[in-house]
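Hi,

Here is the structure I promised to hand over. My notes on the helix packing follow below it.

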Amino acid sequence: MEWIEALAAWPGAALRRSAIAYPLANAAHILSIGVLLGAIVTLDLRLLGVFRGVPLPHLAGPLARMAGWGLGFALLTGLLLFSVSPGAYLGNAAFQIKLALVLAGTLNALALHRGAPWRRALAEGETGAALRVAALLSLLVWTLAVLAGRWIGFL
């Protein structure tokens with residue numbers, strides 16, 4: 001796997017040699033996850049009926065964009081952290097589960113936002129059963145992704 005060796009050589013080696021680069025990348029990863037989850041949890045809770053006083057169309061756009069930015073930066077910073085020891089991460093069951101859950105959460109969000117129930121909810125402001133199920137699934141998957149991510153260091 002040439003790309004893994006290239007990652008380990010750079011930026012992985014630079015992060016390993018620096019006293020502050022890895023902690024900064026780690027902090028940026030945590031902040032990115034905070035932005036991602038803060039937006040997702042707020043939107044999912046609104047889909048489940050919390051915050052009914054705030055119209056869904058007012059929340060949906062900004063929160064979806066923030067979640068997208070959070071996900072993008074979390075993936076970028078996650079790749080930096082991965083580059084420090086790619087072989088060890090690839091062999092770590094918690095890391096594999098985390099990647100699968102991040103993929104599942106991302107696909108769930110994409111399916112949700114491309115579907116007719118989403119467009120209907122934005123037009124009418126009310127959510128149906130399909131959106132509530134997707135929101136519950138989202139909350140579960142993203143929570144499990146965070147737990148799996150925390151578990152990486154213990155396996």
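Helix 5 and helix 7 are roughly antiparallel to each other, because their angle of about 155° lies over the cut-off of 145. Note that this is a predicted model. Helix 5 covers residues 93-114, and its axis runs 8 Å from that of helix 7. The crossing of this pair is left-handed.

On the helix 5 side, the contact is made by Ala94, Ile97, Lys98, Leu101, Val102, Ala104, Gly105, Thr106, Asn108 and Leu112. They meet Leu131, Ala134, Leu137, Ser138, Val141, Trp142, Leu144, Ala145, Ala148, Gly149 and Trp151 of helix 7. By class, the residues of this contact are 15 nonpolar, five polar and one charged.

Now the other partner of helix 7. Helix 2 (residues 21-47) packs against helix 7 (residues 129-151). The angle is about 155°, and the axes are 9 Å apart. That angle makes helix 2 roughly antiparallel to helix 7. Helix 2 and helix 7 cross in a left-handed sense.

From helix 2, the contact takes in Ile33, Leu36, Leu37, Ile40, Val41, Asp44, Leu45 and Leu47. Facing them in helix 7 are Leu131, Arg132, Ala135, Ser138, Leu139, Trp142 and Val146. This contact divides into 12 nonpolar residues, one polar and two charged.

Best wishes

Terms used:
Residues numbered from 1 in each chain as written. Predicted model: local features only at pLDDT ≥ 70, side-chain atom pairs only at ≥ 80, totals over all residues. Heavy atoms only, no water. Axes fitted to C-alpha atoms, helices over the stretch in contact; angles between N-to-C directions. Helix = DSSP H or I, 4+ residues; strand = E, 2+ residues; numbered from the N terminus. Parallel < 35°, antiparallel > 145°, perpendicular 65-115°, else oblique. Left-handed = near helix turned anticlockwise from the far one by under 90°. Contact = heavy atoms within 4.5 Å. Nonpolar A, V, L, I, M, F, W, Y, C, P; charged D, E, K, R; others polar.
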